[in-house]
Amino acid sequence: MTDHHQDPDQLRHERRDERRHVRVAMPFHVRLGDGHVVKGHDLSLGGFSAETPMHFERDREIPVALMLAASGIEFALPAMARPRREMGEGRRQCIAFEFTRMEPRQRDILRRVIRAQMSGRHVSLDGLVDPQDSQTPRKRQGNVATPATKPKRRVPMFRYLALLVAAGVLTAAVAATVYRNVFLIEPSFAAVTAPRTDILAPGAGQLKDLDLKAGDRVERDQPLIDVNNAELQNDLLLSQASFDYNERLIENLQQSLDSAGNSKVSVATSSNPSGGELGYEILSPAIARTRVEQFETARDYESSRIDAYKARVAANTIYSPCDCEVAWALSAAGGTYVNEGDRVMTLVSTHDNDVMVEALVHMDDIGDIENHQQAYIALPNASEPIPARVRSVALDVERQPRAGFPDWVRQQQNVASVLLVPEAPLPASAVGTPVDVRFTEAPMLDTAAEWSYQAGRAMFQGVQSLWGRAADGMTQGLKSAMN
């Protein structure tokens with residue numbers, strides 16, 4: 001059936017005997033104007049049919065959206081359509097719709113979907129967003145004279161040079177990689193380390209909060225921790241009270257002797273009253289002076305105890321032994337209780353001469369490493385290696401405690417610790433960072449191999465980064481095209 005009053009630019013629907021578009025049966029859904037989603041039956045460039053028990057007013061134009069799938073992603077093609085006829089009965093009823101308006105871009109996507117379905121191919125996003133339809137014949141260009149002979153294209157010399165340079169760099173990088181992995185000595189583990197100082201609790205008690213946490217800088221002789229020992233404080237107070245008591249007894253008794261002359265005087269029976277009760281007795285001046293000497297002895301004893309208690313209280317405050325950085329600190333919130341010898345803080349010295357690299361080398365290779373031997377350090381994501389020298393080789397990996405090594409690494413057997421001094425200072429923030437280390441025996445050859453390897457790695461990282469950005473751009477473009 002042909003509608004002679006419609007716009008010639010709009011779509012046209014025909015009967016089967018005069019149909020210009022082939023209908024294909026494929027899985028799709030249709031969202032009708034009222035929001036209902038129904039199952040589609042067949043589809044063509046001129047229209048579609050859908051299974052729905054609803055009834056529509058014939059020739060009334062409604063908005064529809066074809067919901068198709070490509071590469072696992074569902075997308076919708078909006079259009080305007082009107083129902084033409086009903087087929088079937090009940091819930092299996094189908095209504096044929098005719099497209100009345102559709103954007104050219106949406107129509108082109110629909111054409112590609114139908115052609116892919118007819119050819120037995122899967123619909124892909126690349127095929128939908130490609131500006132050139134591979135099955136659309138190209139129009140011939142008219143009035144264009146074809147030359148009898150096609151001139152040869154001259155390839156610029158710089159392209160050949162670029163290819164030769166790229167091939168040379170790739171070959172050098174592969175050769176350097178093989179050389180450094182086969183001939184150079186590689187440790188089992190290496191990391192940036194620094195001297196470590198563990199601060200232990202000097203006694204039992206509650207830890208006072210001095211507001212120090214990991215990452216803080218501390219200066220030499222700065223208070224680090226303060227342990228409050230309640231029992232020790234109580235002993236100090238008792239000794240101070242006993243000292244004051246004996247001091248008053250001596251003063252009072254001396255005054256009584258001076259004023260009494262040869263008369264008897266009243267003297268306290270003890271320098272340490274029991275039960276809070278104090279007894280007195282009448283004694284002659286000679287015996288009273290002897291009692292004064294006893295009180296002076298008790299006073300001096302309490303004085304020595306006070307000095308000892310004060311020394312122990314002062315020892316409960318620990319001061320920083322260096323200008324360091326706090327690597328770890330026990331939280332003192334809520335009055336944390338610690339025992340004598342508990343680790344409460346770890347300091348790391350991060351001066352330029354202190355930050356080094358420690359490597360664990362297997363005993364089979366340790367004989368080939370000597371002091372001042374050349375080595376190369378490669379930090380993560382660094383484009384250039386850092387030259388270094390071997391400072392010391394220690395068979396006991398715990399001889400010099402250093403921060404930056406995991407505890408499980410130090411438990412390895414048959415390894416020795418090699419300390420490396422980098423020629424360029426390492427940042428303090430790199431402490432604890434695993435690094436790649438290679439020890440060299442032929443400095444010139446090993447240097448060339450290391451630089452070639454690092455250059456190849458830098459090129460690979462650059463290409464990988466460019467490819468990642470390009471892939472992100474393509475993904476964003478596809479999403480924009482689908483929307």
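Throughout these legends, a residue is buried when its relative accessible area is under 20%, exposed when it is over 50%, and partly exposed in between, with a 1.4 Å probe and protein chains only. The model is predicted, so local features need pLDDT of at least 70 and side-chain atom pairs count only at pLDDT 80 or more, whereas totals for chains, interfaces and linings use all residues. Residues are numbered from 1 along each chain as its sequence is written, and side-chain values use heavy atoms, with hydrogens and water left out.

**View 1. The protein chain as a whole.** The protein chain holds 8 helices and 22 strands, where helices (H or I, at least four residues) and strands (E, at least two) are DSSP runs numbered from the N terminus. Of its 483 residues, 36% are buried. Among contacts, meaning heavy atoms within 4.5 Å, those with a separation of 6 or more are made to 67% by residues 24 or more positions apart. The accessible surface comes to about 29700 Å², and carbon and sulfur atoms account for 52% of that area; accessible areas come from the Shrake-Rupley method with a 1.4 Å probe, and for residues only the protein chains shown count as cover.

View 2. A nonpolar core is a set of buried Ala, Val, Leu, Ile, Met, Phe, Trp, Tyr and Cys residues joined through side-chain atoms within 4.5 Å. The largest one has 27 residues, and those with the most contacts inside it are Leu 43, Phe 48, Leu 66, Phe 99 and Leu 110. Two or more residues each come from strand 2 (37-43), strand 3 (47-51), strand 4 (62-70), strand 5 (73-87), strand 6 (94-101) and helix 1 (104-118), and strand 4 gives the most, with 5 residues. Once neighbours within four places in sequence are left aside, the contacts of Leu 66 include Phe 28, Val 30, Leu 43, Phe 48, Phe 75, Leu 77, Phe 99 and Leu 110. A second, separate core of 24 residues includes Ala 190, Val 192, Ile 366 and Leu 426.

**View 3. Glu 98 and its two arginine partners.** The side chains of Arg 82 and Glu 98 meet in a salt bridge (3.4 Å, N to O), a term that requires a side-chain nitrogen of Lys or Arg within 4 Å of a carboxyl oxygen of Asp or Glu. Arg 82 lies in strand 5 and Glu 98 in strand 6, so this pair ties together parts that are 16 residues apart in sequence. Both Arg 82 and Glu 98 are buried. Arg 84, which also lies in strand 5, is buried at a relative accessible area of 13%, and its side chain makes a polar contact with that of Glu 98 (3.3 Å). A polar contact is a pair of N or O atoms within 3.5 Å; within protein, one must be able to donate a hydrogen and the other to accept it, and residues adjacent in sequence count only if both atoms are side-chain atoms.

View 4. The side chains of Asp 108 and Arg 111 form a salt bridge (3.1 Å, N to O). Being 3 residues apart in helix 1, the two are separated by about one helical turn. Asp 108 is buried, with a relative accessible area of 16%, while Arg 111 is partly exposed at 24%.

View 5. The 31 residues of helix 4 (residues 230-260) should span 45 Å at 1.5 Å a residue, and the end C-alpha atoms are 45 Å apart, which agrees; the expected span is 1.5 Å times one less than the number of residues. Buried residues of helix 4 include Leu 232, Leu 236, Tyr 245, Asn 246, Leu 249 and Leu 253, and what covers the buried residues includes strand 11 (265-268) and helix 5 (285-315). At the start of helix 4, a side-chain oxygen of Asn 229 reaches to within 3.2 Å of the backbone nitrogen of Glu 231, and just after the helix Gly 261 takes a positive phi of about 70°.

**View 6. Two loop residues with positive phi.** Most residues other than glycine have a negative phi. Asp 221, in the loop between strand 9 and strand 10 (223-228), has a positive phi near 70° and is exposed at 56% relative accessibility. His 372, in the loop between helix 6 (363-366) and strand 18 (374-378), likewise has a positive phi near 70° and is exposed, with a relative accessible area of 62%.
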